[in-house]
Structure formats: structure tokens, C-alpha cells
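Please look at the sequence and the model shown here, and read the report below alongside them.

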Amino acid sequence: MRSFVKYVLGVLVTVLVLCAGITALWGWSWGLGLLALFMGAVAARDAWKLQTLHHWLQEQQLSPGYQPGRTWEQVFGRLHSLEKRIDENQIRRKEAIERFQQVLTLLPSGIVILDQTHRILWCNPAAEAHLQIYLEQDRGQSLSYLIRQTEFQNFLDQKPAPDQRCILHRRAQQDLSLALQLIPYSIDERMLVTQDITQWERDEKVRRDFVANVSHELRTPLTVVGGFIETLQDSDPLPPATQERIFQIMETQTDRMRRLVEELLSLSRLESQTGVAPLTPIPLSALLTPMLLTAHQLSQGQHTIDTQGDFDHRILLGIESELSSAFGNLVANAVRYTPPGGQITLSWREEGEEGIFTVQDTGIGIAAEHIPRLTERFYRVDQARSRDTGGTGLGLSIVKQIALHHDLTLIVDSQPDKGSTFALRFPAHRLGLPENERP
């Protein structure tokens with residue numbers, strides 16, 4: 001405004017001086033004529049610019065803020081309408097940005113907006129959780145200063161391609177693993193996207209371990225069988241007793257491979273099931289008979305096997321083959337890991353509306369740190385002893401899947417050198433009425 005006033009005053013002074021000079025030379029008429037001519041030219045120029053502005057505002061299709069009238073009124077009216085439309089557009093843009101940010105706050109992926117110096121401009125709650133940053137406190141801070149890991153700082157400094165990723169391990173957050181992706185967001189801003197891949201890495205490790213374990217479990221019996229076949233082919237005829245012994249070992253190893261394949265197929269089928277098991281009535285006594293047969297076959301008279309509770313009248317609701325497999329695996333493990341002379345007890349009891357099937361042994365027991373991992377595939381507390389007992393390492397994994405399919409709870413209680421107790425807790429909807437109580 002001040003510069004405009006100086007400009008106007010300068011022009012007026014120049015014109016007045018010029019007019020005064022002309023008046024002094026040629027008289028008042030020439031001076032006044034020159035002043036009138038100058039003022040007319042200024043008025044014509046302003047009128048032309050005003051008309052040009054008026055035509056431009058008309059092309060904007062604005063509704064005038066004032067009633068149509070003279071040019072100045074229409075111009076000011078349209079300027080007022082233009083200002084109002086700009087304000088409305090700004091409000092709409094602000095609302096759109098707020099909605100966009102609200103959507104970003106709901107994403108499971110972390111979003112961090114950074115400037116060219118890696119300073120935090122904005123982030124969503126997922127990014128706060130992933131990177132342990134706080135927007136209100138850390139806004140304007142350098143992210144590379146807050147996360148002092150060389151690999152991460154190099155990732156930010158190198159300006160990677162949008163499809164290039166970096167894996168960041170946050171040990172302070174229970175071994176959290178993050179996949180990072182840096183995407184150009186604008187001329188001066190970049191967007192850092194973080195994804196939690198901890199579970200994916202764990203699943204990938206389980207897959208690798210599974211493949212390695214299966215290969216190892218199959219390689220051992222195959223090596224044994226292959227070695228005996230080469231011996232029989234390349235050597236002179238062996239004594240009948242030696243041949244019989246070789247064939248027994250080969251039969252044992254092939255039987256082990258067969259059971260391993262069968263249990264792998266069974267576990268795969270159980271893991272692929274969706275929904276819950278149907279409520280088909282099964283007499284508990286029908287499950288007890290094969291359990292006892294399995295226990296006595298494995299024990300060969302070396303253990304005391306007892307039963308406790310009412311197995312004769314209780315009805316379970318589920319799939320008989322699956323429950324029989326779960327019970328059988330628990331009994332087989334109890335026999336395998338109980339030294340000769342030990343005791344194994346199969347029991348059934350009811351607590352309130354729930355029923356509990358328990359297999360208790362006086363075996364070698366399990367240390368507390370191993371119990372959470374017992375249901376992992378091929379997990380063994382003692383690798384050598386497990387193979388000596390003939391186990392495949394899949395039994396408890398199968399029990400876990402059957403329990404999930406039937407809404408059961410697997411409970412493990414064990415102490416080293418004192419024995420173990422494995423229990424399956426049946427909820428009320430998995431228990432049917434005994435035959436003598438049915439309407």
C-alpha cells in the first residue's frame with residue numbers, strides 16, 4: 001500500500017511540474033489542456049483494465065455477490081464471489097486431507113511422511129507402534145536420529161527405488177521385523193511405508209525347519225535300507241540268522257517311513273480343515289478299547305496301565321477317528337517316555353459341565369522351558385531318545401489340531417524325573433447325555 005501511494009504521488013508531482021513548466025512557457029490554457037489530456041488518458045486506461053477484469057470474471061461463471069449494476073459494483077461482487085469460492089475450496093481440501101489422514105490411521109501398515117532431510121512431518125499410529133516414535137513429540141525430528149541403526153540410515157541416505165525394500169529388526173520390541181519401502185511423495189517429501197513381517201518370518205522359519213526335518217527323518221531310514229540292500233547285493237550269501245536280522249531292521253525302518261508319511265498326510269488334512277467338527281455322538285467306551293490295545297502293544301508288559309473314572313456311560317460329540325487318534329497319541333507318548341516298571345493311568349472326570357480326559361505317567365518328565373513348544377512339528381526335547389522310542393515328532397502336533405477342530409483345550413503339566421500329565425478338556429457342548437439319562 002505504501003509503495004502504491006509513493007507511486008501515485010510521484011506521478012502527480014511529475015505531471016504538476018510538467019504542467020507548471022508548460023504554463024510558464026505557453027500560458028494557462030496549454031497547462032490545463034495538458035493536465036486534462038493526462039487525466040483522460042489515465043481514466044481511459046483504468047476503464048479499459050476494469051473492463052478487461054470484468055470480462056475475465058464473467059468467464060469464471062461466478063454468481064455476483066451484489067445486485068447487477070455499474071461495472072465497479074459488478075467487479076466487486078464477482079471478486080467477493082471468487083473469494084468465497086476460494087474459501088469453500090480450501091475448506092473442502094482441508095476436509096479431504098483430514099479424511100485421507102483418518103483412512104491412513106486405520107491402515108495396518110505404518111506411514112511416515114518425511115522431508116528431504118528425513119525429518120518427520122506426519123505419521124499414522126501403526127508407524128508409531130512399529131518405530132517407537134510419537135508424532136506430537138517427534139514432529140520435526142530426524143528419523144535417522146531417532147532410529148540409530150546403520151542399515152536403516154544407509155537405506156534413507158541412498159534414496160532407493162520405490163520397489164526396493166529394507167528389512168529392519170527391532171530387538172527392543174520382542175524381535176519385531178519390519179519391511180521398509182521409501183516412495184517419493186512430492187518434490188520435497190517422501191513416504192516411508194512399514195509392514196510388520198514378524199509372523200511371516202516365523203512362518204517361513206517353520207517351513208524351512210519342516211522341510212529340513214522331513215528330509216532328515218526320511219534320509220535316516222532310507223540310508224539304512226539302502227545300505228542293507230547294497231550289502232545283500234554285493235556280498236556272499238549271508239547266514240539265515242543274519243539275513244533275518246537285516247530284514248527285521250529293514251522292515252522296522254520302512255514301517256517308520258510309512259508312519260511318518262501317514263502322519264504328515266493326517267496333519268496336512270487336519271490343518272486344511274475349516275469350521276468345527278460335527279456333533280456326532282461317540283461312546284467314550286468305544287474309544288477306550290483301542291487306547292488300551294495300543295498301550296499294551298507298545299508296553300509289552302513292561303508298565304502298569306490303569307483306568308479311572310466312568311468310561312462306560314459318557315457320550316462325546318465329535319469325529320470318532322480324530323478323537324481316537326488324539327487319545328492314542330497321548331497314550332503312545334506316555335508309554336514311550338516311561339521307563340519299564342512305570343505306571344500309566346487313563347482317567348475321565350467331570351468338573352461342572354465340562355469333562356476332562358487325562359493321561360498320567362511316571363516317566364522322565366519335561367522341563368518347563370520345553371512345554372510351550374511341544375506341539376510344534378518335529379520338536380523333540382531329546383532327539384536321540386525320541387528316535388530310539390520310535391516317535392515321529394508329529395504326535396502332539398496332531399493332537400493340537402484335533403483339539404482345535406473340536407474346541408478342546410490341551411493342558412500339559414510335567415516335571416523332570418517325576419512324570420507328565422496330558423489332559424484334553426471338553427466343553428459342555430461336546431458332551432452328550434449318557435444313555436441312562438436320555439429322554
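## The crossing of α11 and α13

Helix α11 passes helix α13 in a left-handed crossing, a term used when the near helix is turned anticlockwise from the far one by less than a right angle. Two packed helices are described by the angle between their axes and the distance between the axes. Here the axes of α11 (residues 320-336) and α13 (residues 395-405) come within 9 Å and cross at roughly 145°, where axes are lines fitted to C-alpha atoms over the stretch in contact and angles run from 0 to 180 degrees between N-to-C directions. Helices (H or I, at least four residues) and strands (E, at least two) are DSSP runs, numbered from the N terminus.

On the α11 side, Glu322, Leu323, Ser325, Ala326, Asn329, Leu330 and Asn333 meet Gly395, Leu396, Ile398, Val399, Ile402 and His405 of α13, with contact meaning heavy atoms within 4.5 Å. By class, this contact has seven nonpolar, five polar and one charged residues; Ala, Val, Leu, Ile, Met, Phe, Trp, Tyr, Cys and Pro count as nonpolar, Asp, Glu, Lys and Arg as charged, and the others, Gly among them, as polar.

## How the model is read

This is a predicted model, in which local features need pLDDT of at least 70 and side-chain atom pairs count only at pLDDT 80 or more, while totals for chains, interfaces and linings use all residues. Residues are numbered from 1 along each chain as its sequence is written, and side-chain values use heavy atoms, with hydrogens and water left out.

## The surroundings of α13

Nine of the 11 residues of α13 are buried, so this helix is largely enclosed by the rest of the structure; buried means under 20% relative accessible area, exposed over 50%, and partly exposed in between (1.4 Å probe, protein chains only). The buried residues of α13 pack against α9, α11, β11 and β12. Just after α13, Asp407 takes a positive phi of about 60°.

Leaving out residues up to four places away in sequence, Phe357 touches residues including Met291, Phe311, Phe327, Leu330, Trp348 and Phe426.

Asp361 lies in strand β10 and is buried, with a relative accessible area of 8%. The side chain of Asp361 reaches the backbone nitrogen of Gly363 at 2.9 Å. Beyond its neighbours within four places in sequence, Asp361 is in contact with Ala334, Thr338, Gln343, Ile344, Lys418, Gly419 and Ser420.

Most residues other than glycine have a negative phi. Gln300, however, has a positive phi of about 55°; Gln300 is found in the loop between α10 and β7 (304-308) and counts as exposed at 62% relative accessibility. Asp417 also has a positive phi, near 65°; the place of Asp417 is in the loop between β11 (409-415) and β12, and at 70% relative accessibility Asp417 counts as exposed.

Conventions. Polar contact = N/O pair within 3.5 Å; in protein donor to acceptor, adjacent residues only side chain to side chain.
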